Amino acid sequence: MAEGGSQKAQHGRNHRHRFKKLGQAKKLKKEDEVKEMESIISRCKELPKINAATFKRFKDFPLSNKTIRGLDECEYEEPTDVQRESLPFSLSGSDVLESLWRSGWSNYCGLGALIISPTRELALQTFTVMNNVGKFHDFSCALLIGGTDVEYERNRLGRVNIIICTPGRLLQHMDENEQLLCDQLQILVLDEADRILDMGFSQQINAIVANLPKERQTLLFSATQTRNVKDLSRDPVFVSAHERCANATPDGLVQFYMVCEEQQKVNTMWSFMVNHKKYKTLMFVSSCKQARFLTGAFCHLRPGLPVMGLWGTMNQKKRVDVFQKFENKEAAVMIATDVASRGLDFSDVDWVIQIDCPASVEDYIHRVGRTARMSQKGHAVLFLTPSQEEPMVAALKKANIPLEKQIADPRALVDIQVKMQATLSQFPELNQYAQKSIVAYLRSIYVMKNKKVFDVTSVDAAALAASYGLVTVPRVRFLSKKGINVKDGKEKNSQSEPTLVDAPPKKKKEEERTSTPSTKPQPAPKVITKLSAAKKLLNKKLKVNVRKVYDEEGEVAKVEGVENHEEGAGLDLVTAKETMKQISVEDRKRHKALVKQRKKEEKERLKRKRKGDRGEDLDLGEGGSGIDSDADLSFLPDPDEVRRRYAEQDSDEEVTPEEPAAPLQKRRKLRKKIMAVSYVPAGRVAVNEFHRRADDDVIYWKRMQQLSVFQEPSSVTSVAFSPNKPYNVASTSSVRLSLYDTVVCEPINLFSRFKRAVYGVKFRADGELIAIGGEEGKVRIFDVTKSSGVGKVPLRSIRASQGSVRCVEFTASGRMVFSMASDGMVKQWDICDTGSTPVVSFAAHQDEIRSTAISSSNDNLFITGGYDHKVKLWDSRCFNDGPGIEMDAGFPVENVTFLNTEHLIATAAGPVVKIWDVAVGGRLLTSLQYHHKSVTSLCLGAKGDVLLTGAIDRRVNVVRLLDFSLLHSMSMAAPVLSMAVAPDDQTIAVGMGQLLAVHRRQPEIKALVTAQVFDKRSVIRTAAPKVQMQEAGKPKETVELTAKSKVYANEDLDPKVAKLALGLRTAVAKELTVQKQLAQTLGALESIISAARVSSLHYEPLQSKEALAEQGMKELSTKEGDPLGLFGEPTIGSVTLDLLDKKES
């Protein structure tokens, strides 16, 4: 006892000493941060006095060590010109990261910085860079863009410090989400501010700014910043890094422009792509429909390099995928709209081709800014039509943009109009896209403000449609309503072709009028439709589709072979219809005769084949004529001969094939002959013939059937089984903790005195305590044995976090409990300690921890999985050294668990379940992708040989861990959110939506049963032989097994046969029970009589039969002296039913 007390005292001293060291280290670290902060603040005050040109590297700026480390890891060493000029002003008024760091901002202080971008791709790019540079800071950053799940973002915004967003989604959260608070905002950043105001976001920006505090710092960035920003900032300071440069574009950018018509742009694009297959090219068009059509058409034509598209109406997931794929490609083509022209940093773009003219000079600068970045070289080409050349070139040169005219080599141009027509005919969807893209292009030109550059009447719509592969020009309704007529290519044809009606030209009214101008407005010209023109021709009673030939004197000339001096020059519909009817009747007659002739020849060939006269079949059809002169190929092998041979082997008798169209009576007779075959009994009738083809493990899990379903108030977030019989199940849903009895399927206890939702229910190893977490940040521990009154009050209520606690786990000893919070903190609590100080506390993840698992053999060893895609193995005794093993799951981790040997762990992240070997440093053994949606639950079977996985795709899969194969899959009624398996492997609880389903394994079918056949006569019949069975004390019974076909040992039995076999098994079981009871009774009687014998023989020991026989007591071993067999071995009548031998005992 003394030694045990000294060890505990020593352990306590070591524990206090360790915490003392930790406290001193934290104190020193905090003092260093305060000193660093004071020095940086003093340096920032002197920034306005220092010349910005002296800052050559980021280390020269007064930045924190955490920011410098992030910049170094991202290999950002030298600032750009814009950064060099703007950083002194932003730092003096505080930069985004530096401002929050200097003010001591933490995760619990709320929103501190807001960055607004005009496009989703630019916001995603900013979010990625922010995470990489600021990963050593303790701030949280969120991305809010359209196309994502609003409900997923709603509950997380209250704990975010930096938000990067687009205006629309931010305003939606401001209007609908009460957890988004901007009262303490420090910085507002508008990226591409002029574009935000030009894209129609001005009202949204005003509404956003109205919800922000007035005391803040506002930063606006753009390559073409305007000075109309007074409403967004007070006393703004303008910083222009390249205002004094000679050119408005980078010096390493080589710029050209080409003059080509609209109908030649597609051919020029294709020729450029074919001749530049090793370059990375970005092509800009004016509308989303153009980008979609051209991307699809060029992908089908296959130019020899990847072709991608990026436009505003594309699905968000596809936009992100295209953005990342183009970034990773070395040679590719992207056809995009202006959504890709602002701020996006594509690496190593060689060419920027502007297929359509930009709306302004500023848009041109932003488009060409995608290449020649960071002092690299690039090329830019601008396509201009003849009407756009003069005004656009003058505007660009006025803005100090150097341009050179480039003339395309006609020999290098490839005409793909025929290929485009073939592609559109093969893919009707592309045809619709082509028509819509023509209308969209004309609309984009019409809505432009600069009418000197953009003139919709100068576009030849017919030629443009033909270059897109269209046969006709699509109808442009919005131009027709405006009374604007575009070129359709019919003007030249109308001058060259003769008109239907020759009318004298009308004199102009202007010549007859006086020279005085008219004050009345001129009416718009009336549009003549095809219908009105046709009505005019009908009213004039002209005979159409007639050609007359005149001689030199102007009289009608006579044409040979044509009566009435007229010859049909057009299409006469009435005559054409009659001709087609006659041709159709003749074709039908000819086809009918041909089919009849071929049937006749086939019958003759079959007759010759049956007779075996193959010599007559070698007729090559010589001397025939017309259709019947085709060669007879009957000498070739018959393809149906093999199939017919196998059919003959299956039947006992050879059935002569009849004609194809046999009467119904003949077919019935043939079917009866085939069915009337002799019955051959099987060697053994066994119930488990159903199961021989299936694996035992598969049958084991197939017997799992749904037992009961409970309705919960909300989604079932967690499920757990009690470790003690009868294995009750607990579940959490909304603000309620429920405990159910799995035997009678009724609720035992309900705990609902919670203000907010509860999560993560867990039983202790002894089954007496249960723990839960919740959104209140508390860990509550209840006594399960008490079901009312005081039992509903928690034994312990621990404030574990300011956020929500998603996971709670007991240690194997049951003395400690772990809590995993949404802020990434892990804390260990002593249940017996009533204080509020955790035994262990450390930050395990940068994002919310969703799952954890404790080792069953070591209380200090556990694994955690979080939404930062990381899975970490920890030892609570040395958590300061970091995780023992860290693994990247690739997706947000939903669940983790130890496997049977505990050197393997399973993780559920996205739709993939991964198996890791922690004994060799976290090596990935295999990836199981048996689900097509996110896996939410992992459970290990009681024997540890199977793993159960549940997912949102409404499936529960059973995986064998021996070879990681899929054993069984069960379908559920709703997406699976949580799941648990009972310790005896007989019950499964599945939380799916608002339902808690309990599945129970059905009892398996027992032993085999045999029977004896006493009638095996080989007769033609359909009945099975008779079987004789006998029970003890009952007369023999004769049972006839019914069967309608052959019964083989490897085939499934008829259900009636199986039922009879089960009846036989029951009879035999009863007989064995009677035998056992009788043997026990006889044994007791034998003991009593033996005791009496011994007492009468002066207590001599009881001897065996052989000894008694030697002593002359032979009557004990004879049937006459022992008619009941009391003193001998009891002979009990037994029944043996065997099909193989007729022996009866």
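Predicted model: local features only at pLDDT ≥ 70, side-chain atom pairs only at ≥ 80, totals over all residues.
Local features were taken at pLDDT of at least 70 and side-chain atom pairs only at pLDDT 80 or more, while totals for chains, interfaces and linings use all residues. Residues are numbered from 1 along each chain as its sequence is written, and side-chain values use heavy atoms, with hydrogens and water left out.

In total, 26 salt bridges turn up in the structure (a side-chain nitrogen of Lys or Arg within 4 Å of a carboxyl oxygen of Asp or Glu). One of them pairs E776 with R780 at 3.2 Å, N to O. Both E776 and R780 are buried (under 20% relative accessible area, with exposed over 50% and partly exposed in between; 1.4 Å probe, protein chains only).

Another salt bridge joins D830 to R815 at 3.7 Å, N to O. Here D830 sits in strand β26 (residues 825-830), and R815, 15 residues away, is in the loop between β24 (805-810) and β25 (816-821). Helices (H or I, at least four residues) and strands (E, at least two) are DSSP runs, numbered from the N terminus. D830 is buried too, at a relative accessible area of 15%.

R850 and E894 also form a salt bridge, at 3.5 Å, N to O. Since R850 belongs to strand β28 (residues 849-854) and E894 to strand β32 (residues 893-898), the pair ties together parts 44 residues apart in sequence. Through shared partners, salt bridges link R156, R806, D847, E848, R850 and E894 into one network.

As for helix α2 (residues 65-73), its buried residues include T67, I68, G70 and L71. Viewed down the axis of α2, the buried residues fall within an arc of 160°, so they line one face of the helix (the arc is that of the directions from the helix axis to the C-beta atoms). After α2 comes E75, with a positive phi near 65°.
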